[in-house]
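Hello,

Here is the structure I promised to pass on. My notes follow below it.

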Amino acid sequence: MLSHGLIVVLAVVLLLVLIVVRTPIFIALAVSGISGLLCLSGFGGLKLVPLAMGAQLQEYALVAAPLYILLGEALAVTGLGRDLFAAAHRWFTRVPGGLGASAIASSTLFGAMSGVSISSVALIGRMAVPEMLSRGYKPGFAAGSVAASGALAMLIPPSLMFILYASVTGESVASLFAGGIVPGLLLAGLMIGYVVVRAKLNPASAPRDGERFSWRERWAAIGKITPALVLIALVLGSIYTGFATPTEAAAIGALLAVAMTGLVYRKLGWANLKLIFASTATVSAAMLAIVGSAFVFTQMLVVARVPENLTDFVVGLDVHPYVVLVGIMLVLVLLGCLVDAASLMLVVTPILVPAIEELGFDPLWFGVLLVVNLEMAVITPPVGLNLYTMKSVVPELDLGAVFKGIAPYLAIEFALILVMIAVPETATYLPSVIT
């Protein structure tokens with residue numbers, strides 16, 4: 001009879017093989033999880049599958065996810081992405097690499113409205129990258145700035161990744177949202193700083209143009225995006241003032257976003273209405289399928305007592321807790337090259353959080369740190385979804401150039417992880433003040 005450890009290893013190998021042969025991730029997780037449960041507990045273990053999926057999908061925090069997706073999809077059809085990029089361009093026009101900085105700034109703002117990184121890449125990339133290419137920007141420079149900054153949607157609230165983390169750990173969604181604000185803005189600032197410095201040192205990669213805008217034009221551009229900014233301020237403000245829970249705020253925000261699309265932007269025709277609800281249903285169904293199948297896989301790990309054994313092993317190591325933490329971060333970076341961020345989040349969280357707590361680390365801080373780490377997954381070949389989204393919306397881009405352009409941003413993400421490890425208050429101070 002196979003040992004529990006060997007069964008888990010074989011299940012993980014099966015999962016990786018299915019991923020390599022391009023099996024949809026929810027099928028790969030479900031098949032490997034069910035196979036492991038069969039080997040561990042026989043057919044009786046399969047009773048855990050519907051129970052596990054039902055228990056996880058009934059988690060109250062998950063109700064917010066489709067609502068935030070609906071909010072983002074409603075704003076996407078308004079032409080808001082174009083207006084965000086235009087407004088940022090008018091304010092960054094005199095800065096070296098101004099179009100790249102504008103793309104990052106507009107991705108940051110849209111990330112605060114959608115919570116879905118590929119939506120941000122698709123919306124901003126469709127306008128920003130062709131504009132940069134037409135003005136002589138290097139393809140890697142242009143694509144990298146959009147693909148990397150699109151990942152900010154995972155960190156800046158309302159973030160779907162924090163909702164998933166909360167659904168597994170029971171942490172407060174509001175506290176996680178607050179914890180992501182400072183790291184998210186710091187990361188956006190580091191990305192803009194890199195773009196400006198590189199354009200200054202190597203003007204050929206991002207030629208400056210002579211376009212100038214008056215102050216009136218700049219403020220007029222801000223006026224076009226003000227309704228959406230007010231909406232996001234109302235949603236987040238209602239959470240942090242205690243007026244509404246994150247789920248209630250999501251419902252209010254989604255309703256106001258649909259109303260704003262029709263009454264303010266005049267874009268709520270029948271075609272756009274179908275597009276909004278079809279896109280919301282597609283993204284939500286894909287996400288919930290992954291959530292359910294990932295929980296089947298983690299249930300197999302629980303039956304095999306992997307979280308308990310890992311906790312005992314980690315606590316028993318005769319090394320400093322920070323050494324263990326850095327080791328975990330490096331392993332997650334490697335796994336992120338193979339598994340998409342949401343699936344990895346759902347699989348590793350129930351395994352790692354007990355060990356992290358035993359080492360004396362704050363699970364809220366670790367949740368923010370984990371999301372920063374998983375941001376790297378969506379921009380890391382060969383699985384990085386943002387890279388392929390970038391290629392799909394700008395087909396003339398060479399995928400090799402996209403991969404090359406993203407490399408500096410991986411270093412920036414890792415630098416932020418080191419900052420957060422050295423200064424945990426970057427993620428914990430704001431939640432302690434607000435909540």
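Helices here are DSSP runs of H or I with at least four residues, numbered from the N terminus. By that numbering, P158 sits in the loop between α8 (139-150) and α9 (160-169). Please keep in mind that this is a predicted model.

That loop has a cis peptide bond. It runs from P157 to P158, with omega near 5°.

R266 is placed in the loop between α12 (246-263) and α13. Is R266 buried or exposed? Its relative accessible area is 66%, and exposed means over 50%, so R266 is exposed.

Now the helix packing. Two pairs are worth a look.

Take α2 with α13 to begin. Helix α2 covers residues 25-41 and helix α13 covers residues 270-303. Their axes are 8 Å apart, at an angle of about 25°. Angles under 35 degrees count as roughly parallel, so α2 and α13 are roughly parallel to each other. The crossing of α2 past α13 is left-handed. On the α2 side, the contact includes I25, F26, L29, A30 and G33. On the α13 side, it includes A289, I290, S293, F297 and M300. By class, the contact of α2 with α13 has 14 nonpolar, six polar and no charged residues.

The other pair is α10 with α20. Helix α10 spans residues 173-201, and helix α20 spans residues 425-434. The axes come within 7 Å and cross at roughly 130°. That angle makes α10 and α20 oblique to each other, therefore neither parallel nor perpendicular labels apply. Here α10 passes α20 in a right-handed crossing. S175, A178, G179, I181, V182 and P183 of α10 meet T426, A427, L430, P431 and I434 of α20. The contact of α10 with α20 counts eight nonpolar, three polar and no charged residues.

The largest nonpolar core has 151 residues. Which of its members touch the most other members? They are Y68, M161, I163, L164, W365, F366 and M390. Leaving out residues up to four places away in sequence, L164 touches L62, M287, V291, A342, M345 and L346.

D83 has 11% relative accessibility, so it counts as buried. With residues up to four places away in sequence set aside, D83 touches K224, I225 and Y265.

Best wishes

Notes:
Residues are numbered from 1 along each chain as its sequence is written. This is a predicted model: local features need pLDDT of at least 70, side-chain atom pairs count only at pLDDT 80 or more; totals for chains, interfaces and linings use all residues. Side-chain values use heavy atoms; hydrogens and water are left out. Axes are lines fitted to C-alpha atoms, for helices over the stretch in contact, and angles run from 0 to 180 degrees between N-to-C directions. Helices (H or I, at least four residues) and strands (E, at least two) are DSSP runs, numbered from the N terminus. Angles under 35 degrees count as roughly parallel, over 145 as roughly antiparallel, 65 to 115 as roughly perpendicular and the rest as oblique. A crossing is left-handed if the near helix is turned anticlockwise from the far one by less than a right angle, and right-handed if clockwise. Contact means heavy atoms within 4.5 Å. Ala, Val, Leu, Ile, Met, Phe, Trp, Tyr, Cys and Pro count as nonpolar, Asp, Glu, Lys and Arg as charged, and the others, Gly among them, as polar. A nonpolar core is a set of buried Ala, Val, Leu, Ile, Met, Phe, Trp, Tyr and Cys residues joined through side-chain atoms within 4.5 Å. Buried means under 20% relative accessible area, exposed over 50%, partly exposed in between (1.4 Å probe, protein chains only).
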